[in-house]
Amino acid sequence: MENNILTNKDYTCTKRFNAEMAHIFSNCWTFCGLVEDLQENNRYLTVVAGLTSLVVLRDEQGELKAFHNFCRHRGMKLLDGQGRLSAKITCPYHDWTYDQSGNLKSLPKAKQEFEGLNKACLSLKRASVGIWRGMVWVHPDPNAVPVQQYFSGMGSHVAPYDVEALVEAKEALYEVTINANWKLVAENYIDHYHLAQLHAGTLHMYDHKKAEFGFVDEHVFFWEPLAQAYYENIDQHSPYPLLIDKNDKKMGAWVPLLFPNVGLAESESSWSVFHIMPLSVDQTKVVVRSKVKNCSSMAFIKQATKSYTFWTSRVKAKSSQHEQSHALGSGDFMQEDIFVCEQLQQSLSNPRFEFGPSAKGGERLIRGFQQRVNAKLTQGGFNVR
């Protein structure tokens, strides 16, 4: 057994949370959306990254650009959400107007109010943007290490899928606000120790004992093969059309965590991005977007029909003592995880609670993640103890 790196207050202290927003999330590559979101020219996406609000756009020439999402006059946010972009970006406060390259173009009553103004010095502040594995990423620093380089070490630790060739299952969009610190959600995501316990009835299709996991720089890699009972008739058991040849030795689940807050769930038949977004010290929003094989609706219907018996007979709730409306009686692994994270957050405020010993192997990733979070804060000048 080994000791935990973090203590109760690291999940409940607002000062520390603010430091994480300033020194981690304001200085890293942030998932912004899928390439399909900006497939057309004159489209934009916005995202909050720590203390920064950023906008990514595909301009009328088809070029991707990114800027800090505030007017250079008083700091008013320029754009919200996502949508279609006009030729000009106009601040709703005082109507300062910028072109799609971020250049300040016009001001109302400019001659009378701003004599001698040098517009060239008041362009929108640039950010970095890039695409990796079908995902759009943005960084507040215009001179950030390219996103392809940042994730270069993960190339051999992700599924061999052409993500852009898959199609989004929009009906599978999942959004939830969890009443827990973002680190608890991330740690649960990479916790190998709980898989065979909490999810004994909901994730039994994977062989947890043969999982392979570790770190590549800041990022977590995680892979585990299919359980024999599921694999032996995978053509019938898979809920969706397969994305990988059934004889491929790496068939299984790739579940990396891209530091600090983006998980990928790449299974034998689906691909998902699990975006963990801190809202406050004890509240986190999670958005999951999923993609599947690009094939006919009939192929999905046939596969669902073939696999129906397997899933209805094998997927079970954690506890038969709970009603189906309870997370532990739901037979839904997401509900199980959400329930656990929220229960942990509540215990952290109990003055009599302190963390017990950390599992040497099963919680190794959690300790490594905590060390990397602390290292980022220390580099930023925050005293972690």
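Trainee: What share of the accessible surface of the protein belongs to carbon and sulfur atoms?
Mentor: The model is a predicted one. The accessible surface comes to about 18,900 Å². Of that area, the share that belongs to carbon and sulfur atoms is 49%.

Trainee: What radius of gyration does the protein have, against the rule for a compact globule?
Mentor: The C-alpha atoms fill a box of roughly 75 × 55 × 40 Å along the principal axes. For 385 residues, a compact globule would have a radius of gyration near 21 Å. The value for the protein agrees with that, at 23 Å.

Trainee: How many helices and strands does the secondary structure come to?
Mentor: Buried residues make up 51% of the 385 residues. Of the contacts between residues at least 6 apart in sequence, 63% join residues at least 24 apart. The secondary structure comes to ten helices and 19 strands.

Trainee: How far apart are the end C-alpha atoms of helix H10?
Mentor: H10 runs over residues 364–379, which is 16 residues. At 1.5 Å a residue, H10 should span 22 Å. The distance between its end C-alpha atoms agrees with this, at 23 Å.

Trainee: Which elements are included in what covers the buried residues of H10?
Mentor: The buried residues of H10 include Leu365, Ile366, Phe369, Val373 and Leu377. Residues three or four places apart in an α-helix point the same way, because there are 3.6 residues a turn. The cover over the buried residues of H10 includes helices H1 (14–23) and H4 (182–190), with strands S13 (212–216), S14 (219–225) and S16 (257–258).

Conventions
Residues are numbered from 1 along each chain as its sequence is written. This is a predicted model: local features need pLDDT of at least 70, side-chain atom pairs count only at pLDDT 80 or more; totals for chains, interfaces and linings use all residues. Side-chain values use heavy atoms; hydrogens and water are left out. Helices (H or I, at least four residues) and strands (E, at least two) are DSSP runs, numbered from the N terminus. The expected span of a helix is 1.5 Å times one less than its number of residues. Buried means under 20% relative accessible area, exposed over 50%, partly exposed in between (1.4 Å probe, protein chains only). Contact means heavy atoms within 4.5 Å. The radius of gyration is taken over C-alpha atoms; the globule rule is 2.2 Å times the number of residues to the power 0.38. Accessible areas come from the Shrake-Rupley method with a 1.4 Å probe; for residues, only the protein chains shown count as cover.
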